[in-house]
Amino acid sequence: MKSTPPLLPTTQDSRGFALISVLALVSLAALTATAFLASARLEKTAAMTTGDQTRLTLALDSGYHLASYPYTRGDDTWNWADFLVGEDADGVGYLYHAVPKTNTTTGEWTNYALFSCATMSNIGLTLFNPSNWAAATVQQGGFASSRLNSTSQLYKMTNFSTTNVTSSGPVTRIPLLFSRTSPIVNWITNYVTNPSTGILTPTFRFAYFTEDPSGLIDVDRMGGSTSRDTGTNPTEIALGEVGITNFGTFTSLRRLFLTPGMIEDVLRTSNVTNGSTTNLGSVTNPWRYLSSSLYSMNGLLSTSGSQLQAYLRIPAGLGYNEADTNAGSTNKYILNTYFTNGNAKGSAFAAISKAITNNLPQFGATRSGAMSSSNYISNIVANIIDYADKDANPTVSGSGTNVGYDNYPLPVVFSDKIAWTKAAILSNSTITVTTYIQFWNCSTLTSPAVTYTLINNFQDKYLKSNGTISPVRIFSNSLSNSLSVPALGPNQIIILARTNQTNVGANATYPGGLQITNTLGINDNSPTGYATNTNLFELRLTNGTIISQHNGYYTRLGQKITNGSWDFEGTCLTMSRPDGIAPIGDPRMLRFITNSSTNTLDYRSSSSGNLKWGGYANFKDKPSAANKWNGHPDNWPDGRKSGAASPSGSGQTTGAGGSLPVNTDTLITLPGTAPAILSTNGTFLTIWELGNVFDPMQWKPPATFTANTNYYNCSIDQTWTNTGGELHGGGNTLRIGRPEHSRFAWTNVSGQVQPNMQSSAVALLDIFCVDTNTDNSNILGRFDDGNQININTAPPRVLRALASGVILTNDPATNIKIPTTAIDAFVKGVTNFRAKYPFYSASQLMFIGTDNNWPNTNTWPAGAVFSADVVRGTTSSANFEWSDAAAEEWFSKIYALSKVQSRNYRIYVQAQLIRTKGTNTNVSALSFGTVARRYYDVLNQQNNGNPPNCSMYLLRKVDY
């Protein structure tokens, strides 16, 4: 143990001399009272001989050193997990310290018992074997299996021979602070060889038990605020859940909370526990949920102000390749370092792509569906960049194959009006095509004015006089027009029109003749016949980037247009599906959708009312079919409303005669809220903003998805397939802060269901971080983990304090306080999870659920805690406009204040001397002395080496 004292945390608080004097006197009085009580309890020990006192001290210290060995040993990993097994209703359980094995992606962990476990009983002349209190497990599912397997070392460590505590028995319970008692632990007996007899003789025995103060509320820095606005400030942790309601008095007493005993003494005399919390009743012993004088100081720097901050690391043990210090950087990637002056650096795309592919090699292949893995990753990265940057220029890679979604309007409806005017001289006859496009700004930002180049591959052909299709195109080349789209506000649309005209010209003398008499024949002799063409259109920016296009096959009706008249052919882009499965209608997906010759895009007359203008996407699949698709974003998988929209769709208006748009060049604001969230901050303000990033995965739903309402809040499961997925997709964002699709959420790689940290979007929280430090570049990527609570060890009431009090403000429809039913669900979800296996990362909060059979992959995400239904609770006013915003906000404010490891430990040791009667060492012949007890507060400081190493500091030891 190093003798160098730990650095004391700086404080932002300043007080007057008079107040300091008063506090000092009160502190002295409290210390005096504590010392007096301790002295009274130890009178019997004081009456011992010096030799016996020395042996008893050695016995106590033996327990202390054995308990601290697991976390002071040299480690080559930067992360670990401290967790409980067998906790009671008050959160007292067996504490383990788990260290992941490096140089592996198989998720191997060594779990050290921080208590005198059932596999430890005697120590003699040989070194104590660490394997007695260590158990190896593989993956979280492997931990769950070992926990229940009576032959496993993990099971054996808590399988005590008896639970009957007697004065001479092999087990004991250790009294803890605040009127609590430990669960059963083993006595460990020390034997020495009697020099005269050569017999191993017992001399003393000790037992120890460790608790984690990091699972409690740190009174030096947590609590006191009456609201939870930011989610990152530890003062926002809700003290009312543990019975502290007089915040003013509480915060003024912070300087008195020097030791656990002083917390109790001061709070008793200050009367700050006189309140009760809603639906919880009075909390008569709140100090058991509080801790003080905790430290967080790994990764020390000489730079002033940075000593208490630790690097954010990629956690080992979850399959991330770069988590091992020998494989590369262990620091999380700081997204904001890839932006400058509000826009992405040239290196941003490659760096972010590398971070994902290196650490999540199966991410693209597992999630992409019909899209190639590499294209999927490239589009995700482009969308991450374009979500945050300030400009409206999309990020492009792969020679234009992959284009990010940025702040620009997209086409929704595309139609051609074809007019025939026969002239006296046939070659002078004209065909006029007016192309109409409805643009939609589906983002939450105002899109700037933009000029597009529209390439309309108008491939319609003349009919021959005999009624067969000729090889002659009406327009010999594709139609190219410039389209100037004005600035559109969020959820605004505009319909623009461009006209192209051609003469019959030399086609008037086509051999055999064409149908260019009083009637113009196009495509097919029958009005119900079709011609099949490819690649309907492209929409390009002035720099040539294609931001929208139709790839694949589409059909056009045969037309016979009389002189002086016109006909109309159109389609609602992304909405045409001949397979009976409802389309989603997200225009961001159009450039990824590919129609085969057997699954064509229907492009035909709207005279029967199958096409609508001036609203959300709405399309009747075929004039003779009953399929009527509604692309209202409320029906998307990440649907915005608290309930799915009506199939008819709001805001829909039918064009004149069911054909022409009602208005062109007119801004129309659609009802509701734009579905695509974008930021113009030029950086990420929080890492959970990744949950707003567009996810272009392409999966074909089951045949039962015959209505758009089937998609609302749906979960992609094993019934979805990537075969045929090229026709589908849209309406998805990365599910961070709301239930992940079940297909990507779980894996049974270790024999039991566990979170899939290689395919779930929430794994990105383990790879990336956000750092907004601008005052000191030396502390980029660092944070103060003392501001966080260990969710593996927090008692239920502390979990309530972590989850409650949050004011939900992100949803535009409401500001509500998180309801009690949601807090109950959070506590149940956390305890469900850790009753099965530990949290290995705070990101795994995303997987908690209230199902009694959790995790039930057949029903997930039913019962998922971070879901709209749970967050809404029974609050009638919680009429969310966005189904995901409330859950994501609640998740983010809990995640920011959560961790899974500790650097502070409290070790309780009790010991007693043993005397023998002659050479008889049977238990019945032994005499056991007075029990002495001592607790040790310990700091495990992890140094900034590579690989890292640990130094242990003894902060205090107190006889009690």
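Reader: What makes strand β28 and β40 a pair, and in which sense do they run?

Author: This is a predicted model, where local features need pLDDT of at least 70, side-chain atom pairs count only at pLDDT 80 or more, and totals for chains, interfaces and linings use all residues. Residues are numbered from 1 along each chain as its sequence is written, and side-chain values use heavy atoms, leaving out hydrogens and water. Two strands (DSSP runs of E, at least two residues) pair if DSSP finds at least two bridges between them. Strand β28 (residues 492-503) and β40 have 2 bridges, in the antiparallel sense, so they count as a pair. Gln-492 stands opposite Thr-669 in β40.

Reader: What order do the 5 strands of the open sheet follow, and why is one side of β35 and of β40 left without a neighbour?

Author: The order is β35-β22-β23-β28-β40, with antiparallel pairing. β35 (565-572) and β40 (668-669) stand at the edges, each with a single partner strand, so one side of each has no neighbour in the sheet.

Reader: Why is α13 called oblique to α14?

Author: Helix α13 (residues 796-803) and helix α14 (residues 820-834) pack at about 130 degrees, with axes 9 Å apart. Angles under 35 degrees count as roughly parallel, over 145 as roughly antiparallel, 65 to 115 as roughly perpendicular and the rest as oblique. The angle therefore makes α13 oblique to α14.

Reader: How do you know whether Asn-456 is buried or exposed?

Author: Buried means under 20% relative accessible area, exposed over 50%, partly exposed in between (1.4 Å probe, protein chains only). Asn-456 has 2%, so Asn-456 is buried. Asn-456 lies in strand β24 (residues 450-456).

Conventions: Helices (H or I, at least four residues) and strands (E, at least two) are DSSP runs, numbered from the N terminus. Axes are lines fitted to C-alpha atoms, for helices over the stretch in contact, and angles run from 0 to 180 degrees between N-to-C directions.
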